Amino acid sequence: MTAHTENQPVKLPTLPLVDQELLDRAWAAAARQNAEYAPGERESLRARIKQLLQEQDAVLVAHYYTSDDLQQLAEETGGMVADSLEMARFGHEHPASTLIVAGVRFMGETAKILNPEKKVLMPDVEATCSLDLECPAELFTEFCDAHPDYTSVVYANTSAAVKARADWVVTSGIALPIIKYLASRDEKILWAPDRHLGSYVQRETGVEMLIWPGSCVVHEQFKAEGIRGLKKKYPYAQILVHPESPAEVIALADVVGSTTGLITATLNPAVQEFIVATEPGIFYKMRQASPGKTFLEAPSGGVGGSCESCQRCPWMAMNGLRSLVQVLESGAHEITIDEEIRQKSLIPIQRMMDFARNHQPVLKDSGNV
Ligand code: SF4
């Protein structure tokens with residue numbers, strides 16, 4: 001794959017494969033977590049988790065894409081449901097000495113980067129993200145080294161090691177103003193790893209960027225034709241789209257936004273029905289924010305699609321009540337980060353947070369991280 005910069009073709013890296021075998025392994029782990037409960041098992045797991053959280057001075061923070069069970073439990077126990085930056089921020093402010101991060105690995109790492117003094121545990125540290133997998137630190141470093149006059153901007157869905165090599169970290173909620181700001185300083189921009197979000201930012205800002213070719217296995221599968229078909233059945237529905245989706249899907253959107261932005265969009269009193277192109281775990285919060293409204297999953301298997309249930313993130317589905325109990329009982333699955341990498345990765349995250357503070361109120365929404 002090639003990109004062009006200043007009319008010169010640039011060879012983009014060949015990415016590691018996120019193949020079907022890898023996805024099947026994640027789905028198998030998710031299936032074990034979500035196997036039907038025996039009578040009374042769910043209630044007893046919930047009670048045990050509540051007890052262990054208290055005993056271990058721990059707080060549960062869950063991402064919007066985790067199961068209803070986990071989101072509900074986080075709320076009931078004084079934890080939080082949010083995007084990863086908010087999860088990390090909340091963990092920082094909360095007095096608990098242990099953070100239980102229900103989400104995917106880069107979220108646990110972000111929590112640890114911002115909270116080095118706390119113990120950070122995850123229900124399953126093998127839960128990852130295709131964007132993270134497709135942007136290994138060695139390849140990213142090589143690419144940055146090959147383009148030393150570029151400012152590197154990475155999406156939050158990356159490893160601590162990639163963040164440590166980046167100049168800026170951004171979330172989907174803050175990407176546009178940061179890219180505009182960098183362009184106003186005549187900086188040349190290298191963007192990684194999500195190509196759809198990168199192209200969206202490029203289209204919206206008019207800023208040319210060198211874009212890494214990674215993608216999210218969930219959002220990439222949404223199909224414009226299927227969404228058009230659903231819209232015919234629900235002509236009054238608004239189409240809400242996360243910008244990790246392909247351009248032709250974004251083109252159909254009434255609202256393009258980060259996870260938090262899309263939840264906020266459901267508050268519109270004039271709209272009762274929504275077609276939602278993002279991971280359907282978000283429906284838990286959408287229903288809570290806008291009770292009585294209708295939320296429809298945007299088709300991802302539509303015409304030309306390659307799967308029937310691609311809306312779900314297999315790695316998010318690896319988080320469950322069973323693994324949460326095991327982790328609390330054993331203390332396993334702790335996130336650790338080499339201190340030098342942690343300190344380096346904190347710099348571009350801090351840069352983004354300082355930028356956000358100075359650009360209120362535009363940036364109250366920190367995005368799908
Ligand atoms: S939904 Fe996509 S971006 Fe989010 S964790 Fe899963 S693979 Fe990564």
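**Entry 1: α2 and α15**

I began with helix α2 (residues 41-55) and helix α15 (residues 321-330), which pack at an angle of about 35 degrees with their axes 10 Å apart. The model is a predicted one: I took local features only at pLDDT of at least 70 and side-chain atom pairs only at pLDDT 80 or more, while totals for chains, interfaces and linings use all residues. Residue numbers start from 1 along each chain as its sequence is written.

For my own record, helices (H or I, at least four residues) and strands (E, at least two) are DSSP runs numbered from the N terminus. Axes are lines fitted to C-alpha atoms, for helices over the stretch in contact, and angles run from 0 to 180 degrees between N-to-C directions.

I noted the crossing of α2 and α15 as left-handed; that is the term if the near helix is turned anticlockwise from the far one by less than a right angle, and right-handed is the term if clockwise. From α2, the contact uses Arg42, Leu45, Arg46, Arg48, Ile49 and Leu52. From α15, Leu321, Arg322, Leu324, Val325, Leu328 and Glu329 take part. Contact here requires C-beta atoms, placed from the backbone, within 7 Å. I sorted the α2 and α15 contact by class and got 7 nonpolar, no polar and 5 charged residues. In this scheme Ala, Val, Leu, Ile, Met, Phe, Trp, Tyr, Cys and Pro are nonpolar, Asp, Glu, Lys and Arg are charged, and the others, Gly among them, are polar.

**Entry 2: α4 and α5**

I looked up helix α4 (residues 84-93) and helix α5 (residues 105-114); their axes come within 9 Å and cross at roughly 35 degrees. This crossing is right-handed. Ser84, Leu85, Met87, Ala88, Gly91 and His92 of α4 meet Met107, Thr110, Ala111 and Leu114 of α5. The class count is 6 nonpolar, 4 polar and no charged residues.

**Entry 3: α9 and α10**

For helix α9 (residues 175-184) and helix α10 (residues 195-205) I found axes that come within 10 Å and cross at roughly 60 degrees. That angle makes α9 oblique to α10, since under 35 degrees counts as roughly parallel, over 145 as roughly antiparallel, 65 to 115 as roughly perpendicular and the rest as oblique. The α9 and α10 crossing is right-handed. Ala175, Leu176, Ile179, Lys180 and Ala183 of α9 touch Leu197, Val201, Glu204 and Thr205 of α10.

I also checked the loop between β9 (188-192) and α10, where Pro193 sits. A cis peptide bond joins Ala192 and Pro193, with omega about -10 degrees.

**Entry 4: Asp57**

Asp57 lies in the loop between α2 and β3 (58-63). I read its phi as near 50 degrees, a positive value in a residue other than glycine.

**Entry 5: domains and ligand**

The assignment gives domain 1 (2-8 + 131-217 + 341-358), domain 2 (37-128 + 316-337) and domain 3 (219-297); such bounds come from an automatic or database domain assignment. I counted 13 residues of domain 1 in contact with 11 residues of domain 2. On the domain 1 side, α6 (130-133) and α16 (339-358) give two or more residues each. The largest share, 5 residues, comes from α16.

Last, I looked at the ligand, which 14 residues surround, the closest being Cys129, Ser130, Cys216, Val218 and Cys313. A residue is near a molecule if its C-beta atom, placed from the backbone, lies within 6 Å of it. I sorted this shell into 10 nonpolar, 2 polar and 2 charged residues. Domain 1 and domain 2 each supply at least three residues to the shell.

Note on methods
Contact = placed C-beta atoms within 7 Å.
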